[in-house]
Amino acid sequence: MLYVAFLRVVQGRRIGELHELVADRLVLGRHPSCEVVLENAVISRQHARMMRQGDSYVIEDLGSRNGTYVNGEKVSGLQLLKDNDRIRICDIVLEYLDELPQIDATLADGHSDENADLSPGSVTMEDDSFYGELESSSSIITTINALSRSVRLDVRPEAKLRAILELSKLFGRTIDLDAVLKKTLECLFRIFPQIELGYVLLLDPDSRLPVVKAVRSGSGDEPTDVPVSMTVVERALHDQEAILCEDIADDTRFRDSESASALQIRSMMCAPLSGSDEQAFGAIQLTTKNLKKSFTQDDLDLLVSVSAQAGLAIENANLHAEVLHSHEIERDLELATQIQLGFLPNRRPEFPGYEFFHYYRAAHQVGGDYFDYVKLPDGRLAIVVADVSGKGVPAALLMARLSSAVRYQLVAQPHLGGAITELNRELQESTLGFRFITLVVAVLEPDSSQITLVNAGHLPPLLHDRSGGHFIEGEFSGLPLGIGQESEYSEYRCEIPPRGSLLFYTDGITETASPDDKLFGRKHLLNARPRGDFNAEALVNQVLSDMTKFSLGEPQRDDRCIVAIRRLPNET
């Protein structure tokens, strides 16, 4: 098991602060790159070094001007540290501990330890002549894993608790994304009064690039066109770590950041935002130009805690927005359904010598199947069944376009074949893109058994008579609409005998699947016929009943449409 020791501040600016020692080597000093940063101008940049030896640490002075003392004795060379040893560096005293200590009420209240090491010896200002091997390192003070849910031991607990409670209270009252972002910045400016500029950035869902969604200045304004250090943000997002820099302009890691130069940033913190899946989707960046008010490691820990709360609040706001958007889409689809049904017949036609029945059900709220009964000026009746490629809203929009075009061409053209030929040209000119339409049209004449058919790539109609049933197909069937601009469509004439029925359908019927992925197909459709003499309604219901039994409750995959025409028996 890895040995872990601790350093506790017992005298100095941050009495009670606890440093967990886990590294094999760590440097103590005032330079931001040190593992234990001691904030005092008289302390050397790299003042002392601790190194692990077995289950303990040794300490050595790094040639500092004011020296390093253990239990009042000046350190020369390597000195082994024991539990409760006191390390004095200038006016800061640290206690070395072998195990995590109990809370000391005196230290927690901010009082000095009466037994602190006050060894004699003059303290002089560091002349910066000693830089050490760490002097050329980055000016990043530290980074913190932003995904960690553990609480650091050396943070100001009262500040963290106050910040978290304030945020929880704020976020509990709003689920609007803009309000959450605004309240987050407001809270951060209260927690960190030294902030001059604060930003919240979120990843664009399409480009996956960070975009500024909220900004605030120290005056409370919302400045525009202010550059953000995207280099820092991108690193925080990529590594999912919170970053603290003492002076980003001098940081070798961000020297090429033009935005940092433009901002003249001196101290900066940046923390990624993540939700319940722990994937970063944004970041908070806080900056100041005043080094006298630079951010500290405590500040970074507080920002990580705030960003964790803000990330969950933003995620909840986004989920709420998605729910609202989903409800809006559902309302729009319900309206679209009503509009689409308005294009379809709401009752069966009355036509001498015939009866009709139909069934229509979209796979989604709107669909691409289409049927219509069109009364022609000369007294004839056209029955149209079509299937637009695809499903959903795009197919439904094209179906609406088809509805008006079919009615116009059937009335404008004297012959059925010519009407479908012109319909195809019209649809070609309207740029269908990759979509096409299969369509079949039958025209009935009053009190006549003759019917005229044109088939544009649609499934063949099924004719039932006393001898059984058969599909009407042959060379007269042309290409679907929208494929060949010069396509010519031929007419086919046939007879429906008394009590005979003609069935039109779309592929949502024949392609109904069983649990083992077999299709209903033409064979089952042919056999879906009531016994004895039957009317149009009985025929449609028999098809639907057989299809339901075949599918065994499998969900509907495609739009379904059936239209049945039955010739009434001759009056005697």
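Helix α3 (residues 177–191) has 15 residues and spans 21 Å from its first C-alpha to its last, close to the 21 Å expected at 1.5 Å a residue; the expected span is 1.5 Å times one less than the number of residues. This is a predicted model, in which local features need pLDDT of at least 70, side-chain atom pairs count only at pLDDT 80 or more, and totals for chains, interfaces and linings use all residues. Residues are numbered from 1 along each chain as its sequence is written, and side-chain values use heavy atoms, with hydrogens and water left out. Helices (H or I, at least four residues) and strands (E, at least two) are DSSP runs, numbered from the N terminus.

At the start of α3, a side-chain oxygen of Asp 176 comes to within 3.3 Å of the backbone nitrogen of Asp 178. The buried residues of this helix are Val 180, Leu 181, Thr 184, Leu 185, Cys 187, Leu 188 and Phe 189. Buried means under 20% relative accessible area, exposed over 50%, and partly exposed in between (1.4 Å probe, protein chains only). An α-helix has 3.6 residues a turn, so residues three or four places apart point the same way.

In helix α4 (residues 230–239), the buried residues are Val 232, Val 233, Arg 235, Ala 236 and Leu 237. Gln 240, which follows α4, has a positive phi, near 50°.

The structure holds 7 aromatic pairs. Rings of Phe, Tyr and Trp (its six-membered ring) pair if their centres lie within 6.5 Å; planes under 30 degrees apart count as stacked, over 60 as edge-to-face and the rest as tilted. Two of the pairs are set out below.

| Pair | Centre to centre | Angle of planes | Kind |
|---|---|---|---|
| Phe 476 and Tyr 492 | 4.5 Å | 10° | stacked |
| Phe 520 and Phe 550 | 5.6 Å | 70° | edge-to-face |

Phe 476 lies in the loop between β24 (468–471) and β25 (492–495) and Tyr 492 in strand β25, so their pairing ties together parts 16 residues apart in sequence. Phe 476 is buried at 12% relative accessibility, whereas Tyr 492, at 33%, is partly exposed.

Phe 520 belongs to the loop between α9 (507–510) and α10 (521–527) and Phe 550 to helix α11 (residues 536–551), so this pair ties together parts 30 residues apart in sequence. Phe 520 is buried at 1% relative accessibility, and Phe 550 is buried at 17%.

Ring pairs also join Phe 356, Tyr 360, Phe 371 and Tyr 373 into a cluster.

Methods
A polar contact is a pair of N or O atoms within 3.5 Å; within protein, one must be able to donate a hydrogen and the other to accept it, and residues adjacent in sequence count only if both atoms are side-chain atoms.
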